[in-house]
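Hi,

Here is the structure I promised to pass on.

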Amino acid sequence: MNLIKEGQFLINVSDQVSEKVISYNDQTYYRFIDWIYSPKPVYFLSPNEVNELCEIRLKHRSRINYCFHESIAMDVFKEADLVKNDCRQLSILDFGCGDGISHSRFLKHFSNDKIFCCDMNKNALRNNPCDKKHLINPCGPLPYESDFFDIIISIFVMHFSIPCQMLSELKRCLKGDGKFVFNIYGRFVAQQHLALKNSGFYLVSSKSASEFEGHLIETWYK
Ligand SMILES: C[S@@+](CC[C@H](N)C(=O)[O-])C[C@H]1O[C@@H](n2cnc3c(N)ncnc32)[C@H](O)[C@@H]1O
């Protein structure tokens with residue numbers, strides 16, 4: 001494996017996917033999205049470290065597995081019932097929207113002009129084509145009224161530890177009968193579940209992704 005260091009992370013610049021956990025200069029590293037290695041499991045990264053990691057993902061965006069991303073994003077859209085024509089009436093938040101891959105995918109399939117996007121990474125947001133996008137602090141607050149969104153989706157975000165203040169903000173902005181739908185994977189799903197429950201969410205559905213083993217598509221209510 002050919003590794004280069006970027007900040008505290010390692011990039012596997014060869015095309016071959018290597019082991020999940022490796023040792024490099026006597027330190028243990030954990031694989032994230034096939035070609036980045038993190039000195040801690042990503043669930044334990046601070047928001048600043050998550051930002052650093054997401055910058056690296058953006059910088060090397062040509063290496064993102066877009067087929068995999070599309071499949072998971074479609075699973076989330078379907079689980080959120082966004083495939084129906086009447087979804088154009090709904091207010092939707094894409095939390096941790098990144099540079100807008102999900103937003104573009106969404107608009108390719110469904111029309112809706114009430115999609116809001118937010119993220120803590122300003123470089124990602126700069127490239128995001130959404131016209132209702134907001135740069136946020138990782139702990140909140142969110143710049144939205146209470147009980148505003150019918151649906152909050154989050155794609156490839158909830159494997160990170162989200163500060164409890166932000167989880168409370170997501171709950172505040174969601175309508176009473178609204179739902180929070182996301183994909184999640186990894187060894188720390190139980191910890192994320194506990195954090196969500198402690199913030200007042202409850203789990204209504206957790207199913208395997210249609211094509212990718214180990215990934216879950218979940219719906220939470222408040
Ligand atoms: C792996 S990227 C996924 C981006 C996008 N959803 C996609 O599917 O391509 C994770 C995104 O979540 C954002 N994020 C992680 N924790 C966050 C937090 N506490 N508040 C806001 N954004 C956060 C990161 O900045 C990053 O853009």
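What you have is a predicted model, so local features need pLDDT of at least 70, side-chain atom pairs count only at pLDDT 80 or more, and totals for chains, interfaces and linings use all residues. Residues are numbered from 1 along each chain as its sequence is written.

**The ligand**

There are 23 residues around the ligand, and those that come nearest are Gly 96, Gly 98, Met 120, Asn 121 and Pro 138. A residue is near a molecule or strand here if its C-beta atom, placed from the backbone, lies within 6 Å of it. Helix 1 gives the most, with five residues. By class, the shell has 16 nonpolar, five polar and two charged residues. For those classes, Ala, Val, Leu, Ile, Met, Phe, Trp, Tyr, Cys and Pro count as nonpolar, Asp, Glu, Lys and Arg as charged, and the others, Gly among them, as polar.

**Domains and core**

The protein is divided into domain 1 (3-63) and domain 2 (66-221), with bounds that come from an automatic or database domain assignment. Each of the two gives at least three residues to the shell around the ligand. Their centres, taken over C-alpha atoms, are separated by 23 Å. Across the boundary, 11 residues of domain 1 are in contact with 14 residues of domain 2, where contact means that the C-beta atoms, placed from the backbone, lie within 7 Å. The side of domain 1 that touches domain 2 has nine nonpolar, one polar and one charged residues.

Now the core. I call a residue buried if 20 or more other C-beta atoms lie within 10 Å of its own, exposed if 12 or fewer, and partly exposed in between, with C-beta atoms placed from the backbone. A nonpolar core is then a set of buried Ala, Val, Leu, Ile, Met, Phe, Trp, Tyr and Cys residues joined through C-beta atoms within 7 Å. The largest one has 55 residues, and Val 76, Ile 152, Ile 153 and Phe 182 have the most contacts inside it. Strand 10 (residues 174-185) gives the most to this core, with five residues. The core lies between domain 1 and domain 2, because both give residues to it. Not counting residues up to four places away in sequence, Phe 182 touches Val 76, Ile 153, Ser 154, Ile 155, Val 157, Met 158 and Glu 218.

**Strands**

Strand 1 (residues 3-6) and strand 2 (residues 9-12) run antiparallel and are joined by four bridges, with Glu 6 opposite Phe 9. Their hairpin has two residues between the strands, and Gly 7 there takes a positive phi near 60°. Strand 2 is also joined to strand 5 by two antiparallel bridges, where Ile 11 has Ile 36 as its partner.

**Loops and backbone**

Leu 90 sits in the loop between helix 2 (66-79) and strand 6 (92-95). Leu 90 is partly exposed, because 18 other C-beta atoms lie within 10 Å. Its C-alpha atom is 7.8 Å from that of Asn 112, 22 residues apart along the chain.

Most residues other than glycine have a negative phi, and most peptide bonds are trans. Worth checking by eye, then:

- Asp 34, in the loop between strand 4 (27-32) and strand 5 (36-38), has a positive phi of about 70°.
- Asp 147, in the loop between strand 8 and strand 9, has a positive phi near 55°.
- The peptide bond from Gly 140 to Pro 141 is cis, with omega near 0°.

Cheers

Terms used: Two residues are in contact if their C-beta atoms, placed from the backbone, lie within 7 Å. Two strands pair if DSSP finds at least two bridges between them.
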